[in-house]
Amino acid sequence: MSPTRLERLVRGYLDHLSVERGASVHTVAGYRRDLARYLDFLAARGITEPQQVGEQDVTDFAAALRSADGERQPLSLSPASVARAVVAVRGLHRFAAGEGATQDNPAAGVSPPRQDRRLPKALDQASVAALLDTPDRSTVEGLRDATLLELLYGTGGRISEVVGLDVDDLSAALADPDAGLRLFGKGRKERLVPLGSYARTAVEAWLVRGRPTWAARSAAGTPALLLNSRGNRLSRQSAWGVVRHQAEAAGITAEIGPHTLRHSFATHLLDGGADVRVVQELLGHASVTTTQLYTLVTVDHLREVYLSSHPRAR
């Protein structure tokens, strides 16, 4: 069966995001899932042409994602997931109007649902120190794990940014302590972050005593800095598994997520007196508003210390 015009439009939009907008593979994959749901929803209404879609269809789709009636949407999605789906649909119809596939954008008046502001979760400094000391650096796996953890906490990089590093990306930073490390964030936006002495030491030990052993297992070879035991680039999912495993080994009972060390990096910088604008640059946030969420975390921490320490606080 040949694809409908809506299906062809979605393919064109995803290609546009990937090639022209430079969206990450993870962003494109998320949009693909959201738009597949959207196409299924429209198909159930007999809609296969872009010009058949009205604002009410988009509004009903967003409502269906929030419902859990077993018919329109078996599993209700979180407000954040619904918001992402609405953004994907709005982008699709904006693209369609720009390409001349439709005369107007039926999604222009549909807003994503408001989300509760969630404070980032961070480990305290003692827990981070315990986590970083846990890998057994006498083994190849331990050297790799230590490098991953030190880079995540030492640079504040996202897991995808750190596992995406190649050996050559570290050359300048290892040769000159003042050179810094280049990380590529969302949309391939480049930023320069310092490479501290602990991360530098871990990387050097991995490159000399660990990586060659696993790199020899790959016939094709890879430029990747961090490898799995088969000699291939460590995946984002496997890297997250490493963080979780080492956290359990360190006896950390707090909830750990893929961004835990990134959040800890930012929170500890602010606790130490760093300017929020500097932290924004280090994290690669497009808006300082995102970074300011971390200041709320530090205010909560200060309040806890005050209540527990000051004799007249209660």
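**Burial, contacts and cores**

Student: Is Arg94 buried or exposed, and what is its relative accessible area?
Tutor: A residue is exposed over 50% relative accessible area, buried under 20% and partly exposed in between (1.4 Å probe, protein chains only). Arg94 is therefore exposed, because its relative accessible area is 51%.

Student: At which pLDDT do side-chain atom pairs count in this model?
Tutor: Residues are numbered from 1 along each chain as its sequence is written, and side-chain values use heavy atoms, with hydrogens and water left out. The model is predicted: local features need pLDDT of at least 70, totals for chains, interfaces and linings use all residues, and side-chain atom pairs count only at pLDDT 80 or more.

Student: How many helices and strands does the protein chain have?
Tutor: Helices (H or I, at least four residues) and strands (E, at least two) are DSSP runs, numbered from the N terminus. By this rule, the secondary structure of the protein chain comes to 14 helices and 2 strands.

Student: In which helix does Asp34 lie, and is Asp34 buried or exposed?
Tutor: Asp34 lies in helix α2 (residues 25-44). Its relative accessibility is 0%, so Asp34 counts as buried.

Student: Which residues is Asp34 in contact with, leaving aside its neighbours within four places in sequence?
Tutor: Contact means heavy atoms within 4.5 Å. Once the neighbours within four places in sequence are left aside, Asp34 is in contact with Phe61, Arg84, Ala85 and Ala88.

Student: How far apart in space are Val242 and Ala146, C-alpha to C-alpha?
Tutor: Val242 belongs to helix α10 (residues 236-249) and is buried, with a relative accessible area of 9%. Leaving aside neighbours within four places in sequence, Val242 is in contact with Arg144, Asp145 and Leu148. Val242 and Ala146 are 96 residues apart in sequence, yet their C-alpha atoms have a separation in space of 9.7 Å.

Student: Which residues have the most contacts inside the largest nonpolar core?
Tutor: In soluble globular proteins, nonpolar side chains tend to be buried together. A nonpolar core is a set of buried Ala, Val, Leu, Ile, Met, Phe, Trp, Tyr and Cys residues joined through side-chain atoms within 4.5 Å. The largest one here has 45 residues, and those with the most contacts inside it are Leu148, Leu151, Leu181, Trp206 and Leu225.

Student: Which element gives the largest share of this core?
Tutor: The elements that give two or more residues to this core include α5 (125-133), α6 (140-155) and α9 (197-215). The largest share, 7 residues, comes from α6.

Student: Why do the buried residues of α12 lie on the same side of the helix?
Tutor: In α12, Val276, Val279, Gln280, Leu282 and Leu283 are buried. The arc is that of the directions from the helix axis to the C-beta atoms. These residues lie on the same side of α12 because they cover an arc of only 165°.

Student: Which residue just after α12 takes a positive phi?
Tutor: At the start of α12, a side-chain oxygen of Asp275 reaches to within 2.7 Å of the backbone nitrogen of Arg277. Just after α12, a positive phi of about 75° is taken by Gly284.

Student: Which residues do ring pairs link into a cluster?
Tutor: Rings of Phe, Tyr and Trp (its six-membered ring) pair if their centres lie within 6.5 Å; planes under 30 degrees apart count as stacked, over 60 as edge-to-face and the rest as tilted. A search of the whole structure finds 5 aromatic pairs. Ring pairs form a cluster from Tyr13, Tyr31 and Phe95.

Notes. Polar contact = N/O pair within 3.5 Å; in protein donor to acceptor, adjacent residues only side chain to side chain.
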